[in-house]
Amino acid sequence: MSLRSILAGCGGYLPERVVTNDELSKTIDTSDEWIRERTGIRQRHFAGKHETAAFMGTAAARAALADAGATAADVDAIILATSTPDQAFPATALRVQAELGVTRGFGFDLSAACAGFIYALSVADGMIRAGQVRGALVIGSEVYSRILNWQDRGTCVLFGDGAGAVFLRASDCRDDDRRGVLSTHIHAQGTLGDILYVDGAVGQPDKPGHLVMNGREVFRHAVTRLAEAVEEALAANGMTHADVDWLVPHQANSRIINAMGRKLGLPPERVVVTVDRHANTSAASVPLALAEARADGRIGAGDLVLLEALGGGLTWGSALVRL
Ligand code: ACO
């Protein structure tokens, strides 16, 4: 017997305001056709003033707890991945903790850009396997609309706001019972930090920070690194492409998503896609996509789900989960 993290529930939150490509093209020199052809994005949600990372993360966490049939009393740890926290401190995770009425355990934020949710899942899974934690909320919550450079049409059309969460519950599993988080694989290469970054932060005088990206370089690394991470996850579990029921990829760009689906030999209907409606919500994109496919009944109990993401840092990773 060994301790395993069971993915007990998923939840998501999207801001009320929907902004279409046509609406963006009224103020930015772009077009619906350009955005759709290059990225697959049709619209995104943008947060209102009150819809901060903590607000949206709390809503997603509540939905994940409800889906799991769990309450605040079951939460030992909250790990929240974000690049757009409400404040430098306290951690956004602790604002969520307070809102949920969780009065014990611990929480912290994790910064790994678009790979943040995979990183947070990896940390939470490690703590559960070590017996440190029995119930963990893993959240990705982002308000990229606050860090976009509206003068840079090459980046400001790509992102949206939102939050996704999962609730992990420790379970004593037989070693041959292959349920829950089977493995996680996280990587980083700091020498590639300048191909995708935010050029400021609260620690820098007069520099709130805007997102800067070399899209071609990111694209090139994304396809190679994500393919490696996917193979690594399958090899670690003695599995092949044929074992995967669902791919839930980071939602940056439909061309990257389609390339990954083809590499795995998965038909398009086995790949969860939200980028058309959500755009790139960074650390929130994978748990939001997972929550949507669970809620509409596509992903069900017993399905083997492959998660992958890549983001600024460069950071990337994958996870294999059996629901
Ligand atoms: N509307 C209209 N035209 C535009 C826009 C726009 N929004 N943005 C750029 N252009 C123009 C450029 O000015 C350029 O015009 P020019 O040829 O006259 O100079 C032309 O379109 C091509 O620009 P590129 O930047 O070279 O466009 P590219 O073909 O590389 O596509 C894209 C850009 C979609 C970002 C692509 O590089 C890509 O898919 N990159 C992957 C990275 C990604 O998806 N990043 C998302 C965040 S990172 C992450 O989550 C992993």
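Biologist: Is F108 buried, exposed or partly exposed?

Modeller: Keep in mind that this is a predicted model. The general idea is that buried means under 20% relative accessible area and exposed means over 50%, with partly exposed in between. F108 comes out at 28% relative accessibility, so it counts as partly exposed. F106 gets the label partly exposed too, because its value is 31%.

Biologist: How many aromatic pairs does the structure hold?

Modeller: There are 4 aromatic pairs. Take F106 and F108: their ring centres are 6.3 Å apart and their planes sit at 5°, so this pair is stacked. The cut-off behind that word is planes under 30 degrees apart.

Biologist: And which residue lies over the face of W246?

Modeller: That's R270, at 4.6 Å from the ring centre of W246.

Biologist: Which sense does the pairing of strand 8 and strand 13 have?

Modeller: Antiparallel, over 8 bridges, with strand 8 running through residues 180–188. To find your place there, look at A188, which stands opposite T315 of strand 13.

Biologist: How many bridges link strand 12 and strand 13?

Modeller: You'll find 8 bridges, again in the antiparallel sense, and strand 12 covers residues 304–311. One spot to check is L307, whose bridge partner in strand 13 is A319.

Biologist: What does G313 do in the hairpin of strand 12 and strand 13?

Modeller: That hairpin has 3 residues between the strands, and G313 takes a positive phi near 150°.

Conventions:
Residues numbered from 1 in each chain as written. Predicted model: local features only at pLDDT ≥ 70, side-chain atom pairs only at ≥ 80, totals over all residues. Heavy atoms only, no water. Phe/Tyr/Trp six-rings, centres within 6.5 Å; stacked < 30°, edge-to-face > 60°. Buried < 20%, exposed > 50% of the residue type's maximum accessible area, 1.4 Å probe, protein only. Lys NZ or Arg CZ within 6 Å of the ring centre and 35° of its normal. Pairing = 2+ DSSP bridges. Helix = DSSP H or I, 4+ residues; strand = E, 2+ residues; numbered from the N terminus.
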